[in-house]
Amino acid sequence: MMNFLELVTLLASYNDKVSKVILDNTPRNAKYTSHMIQKKILHIIANKVRHKIREDIGDSKFCIIIDEARDESKREKMTIVLRNVDEKKIIKYNFFDLVHVQDTAAITLKQEICIVLSRHCLDVQNIRGQGYNAIEIANMLAIDELETGKGLNQIGTVKRVGETHWSSHFSSVCSLIRMFDTTCFVLENIIESSSNYYIRGGAVATYKKITSFDFVFILHLVKEIMGITDILCQHLQKKSQDIVNVMYLVSSTKTLIQKLRKDGWDNLLEVVKEFCEKHNIEVLDMDSPYVIKHGSHQHIDFNKEHHYWVEIFNVAIYSQYFKLNSRFNERTIDLFTISSVLDPKDAYKSFNIDDTCCIVEKYYLFDFTD
């Protein structure tokens with residue numbers, strides 16, 4: 001309400017006719033500033049804007065960008081943005097509609113999108129978004145590369161880091177692996193069609209980087225490590241903690257990380273090779289020498305398998321294990337575990353006098369008398 005009135009006041013300061021008609025000489029019951037009138041005026045303006053966007057798109061191809069959120073009233077809503085290339089070969093992003101939905105399940109959003117597009121005579125067949133088409137999605141669903149169901153409407157999106165703290169990193173890595181072909185397709189489109197040299201250069205560098213064996217190897221290694229630590233990380237983010245269960249998770253996580261270092265190399269290398277072959281990425285010969293470049297000089301000490309196994313695989317896993325050990329060493333785990341006997345939950349149900357004395361003897365020997 002206030003924003004609308006402020007805009008009217010601003011317009012009146014630039015236009016004498018508006019000032020005289022709306023603010024000065026108009027009866028209070030005919031100022032057209034009521035909440036209902038505002039909605040009608042905004043509705044008319046929105047329809048004119050949408051009509052103009054629809055007219056500009058015509059029968060050409062376009063992309064849709066969907067976002068979902070809740071408003072202050074806790075109602076689910078979906079925003080729709082259309083992206084297209086105009087007659088001057090300039091990429092346009094236009095906010096098109098805001099739709100309230102019952103839920104954010106994939107089928108609900110799909111229906112609402114179809115309703116909005118059909119209402120404005122936009123052909124669904126002309127959608128070209130995220131590099132997907134209907135046949136590609138069907139194929140990926142058929143071979144279980146994409147999931148469907150409630151809450152899984154983000155199947156066409158590479159997740160942003162930071163959405164759910166640490167665990168979002170694991171989700172981002174998994175999304176990139178699952179959406180690898182689509183990501184490459186989008187980058188190729190940017191390289192071919194972008195008129196901005198800076199954006200095109202960034203796309204070229206990114207495409208070259210992600211289609212290298214080095215990137216694919218590290219991507220899958222990170223997925224393996226985070227796949228082990230993800231459950232622990234999620235438990236550590238909870239407000240209410242079962243400290244004994246968390247300590248068991250710490251111990252089991254350490255064990256699994258050690259097992260990955262001991263037994264995981266061959267399986268990881270096989271997965272990386274299969275991924276590279278599937279996506280037409282050159283697979284390195286692990287027996288060939290690894291060349292270290294220092295300026296104009298080259299130095300060879302070992303082969304590529306040694307580099308990836310010892311200098312990347314083992315170092316990355318040891319680094320993760322060392323961080324866990326520094327935060328949760330045996331003494332810390334033991335203290336947290338036996339301290340659970342002092343938990344007041346369920347009227348001190350877990351209290352045990354022997355364990356309490358054990359805490360004193362181990363950690364507070366000089367703070368208590370016999």
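**Exercise 1. A loop residue**

Where is the place of Asn280?

*Solution.* 
- Step 1. This is a predicted model. In it, Asn280 sits in the loop between α11 and β4 (289–294).
- Step 2. Check the backbone. Asn280 has a positive phi of about 55°. Asn280 is not a glycine.
- Step 3. Check the accessibility. The relative value for Asn280 is 75%. Exposed means over 50%, so Asn280 counts as exposed.

**Exercise 2. A salt-bridge network**

How many salt bridges does a search of the whole structure find?

*Solution.* 
- Step 1. The search of the whole structure gives four salt bridges.
- Step 2. Take Arg50 and Asp97. Their side chains meet in a salt bridge at 3.5 Å, N to O. Arg50 belongs to helix α3 (residues 35–57) and Asp97 to strand β3 (residues 91–100), so this pair ties together parts 47 residues apart in sequence.
- Step 3. Arg50 has 11% relative accessibility and counts as buried. Asp97, at 9%, counts as buried too. The cut-off for buried is under 20%.
- Step 4. Turn to Asp97 and Arg119. In this salt bridge the closest N and O atoms are 3.9 Å apart. The cut-off is within 4 Å, so the pair counts as a salt bridge. Asp97 is in strand β3 and Arg119 in helix α4 (residues 106–119), so the pair ties together parts 22 residues apart in sequence.

**Exercise 3. Aromatic pairs**

How many aromatic pairs does a search of the whole structure find? Classify two of them, then name the cluster that ring pairs build.

*Solution.* 
- Step 1. The search of the whole structure finds nine aromatic pairs.
- Step 2. Take Phe180 and Phe275. The ring centres are 5.0 Å apart and the planes stand at 75°, so the pair is edge-to-face. The cut-off for that class is over 60 degrees.
- Step 3. Locate this pair. Phe180 is in helix α7 (residues 180–193) and Phe275 in helix α11. The two are 95 residues apart, and the pair links distant parts of the chain. Phe180 and Phe275 are buried.
- Step 4. Take Trp265 and Phe313. The centres are 5.5 Å apart, with 70° between the planes, and the pair is edge-to-face.
- Step 5. Locate this pair. Trp265 is in helix α11 and Phe313 in helix α12 (residues 304–327), 48 residues apart. Trp265 is buried at 4% relative accessible area. Phe313 is buried at 0%.
- Step 6. Extend to the cluster. Ring pairs link Trp265 and Phe313 with Phe213, Phe217, Tyr308 and Trp309.

**Exercise 4. Surface patches**

Which residues form the negative surface patch, and which form the nonpolar patch on the surface?

*Solution.* 
- Step 1. The negative patch consists of Asp266, Glu270, Glu274 and Glu277.
- Step 2. Take one member. Asp266 is in helix α11 (residues 265–278). Asp266 is exposed, with a relative accessible area of 59%.
- Step 3. The nonpolar patch consists of Ile65, Val85, Ile91 and Tyr93. Together these residues have about 370 Å² of accessible area.
- Step 4. Take one member again. Val85 lies in strand β2 (residues 76–85). Its relative accessible area is 46%, and Val85 is partly exposed. Patch members need over 30%, so Val85 passes that cut-off.

**Exercise 5. A distance check**

What separates the C-alpha atoms of Ile190 and Gly201?

*Solution.* 
- Step 1. The C-alpha atoms are 9.5 Å apart, and the residues are 11 apart along the chain.
- Step 2. Ile190 is part of helix α7.
- Step 3. Ile190 is partly exposed, at 27% relative accessible area.

Note on methods. Residues numbered from 1 in each chain as written. Predicted model: local features only at pLDDT ≥ 70, side-chain atom pairs only at ≥ 80, totals over all residues. Heavy atoms only, no water. Patch = residues over 30% accessible without salt bridge, like charges linked within 9 Å, V, L, I, M, F, W, Y side chains within 5 Å. Areas by Shrake-Rupley, 256 points an atom, 1.4 Å probe, with all protein chains shown as cover. Helix = DSSP H or I, 4+ residues; strand = E, 2+ residues; numbered from the N terminus. Buried < 20%, exposed > 50% of the residue type's maximum accessible area, 1.4 Å probe, protein only. Lys, Arg positive; Asp, Glu negative; His and termini not counted. Charge placed at Lys NZ, Arg CZ, Asp CG, Glu CD. Phe/Tyr/Trp six-rings, centres within 6.5 Å; stacked < 30°, edge-to-face > 60°.
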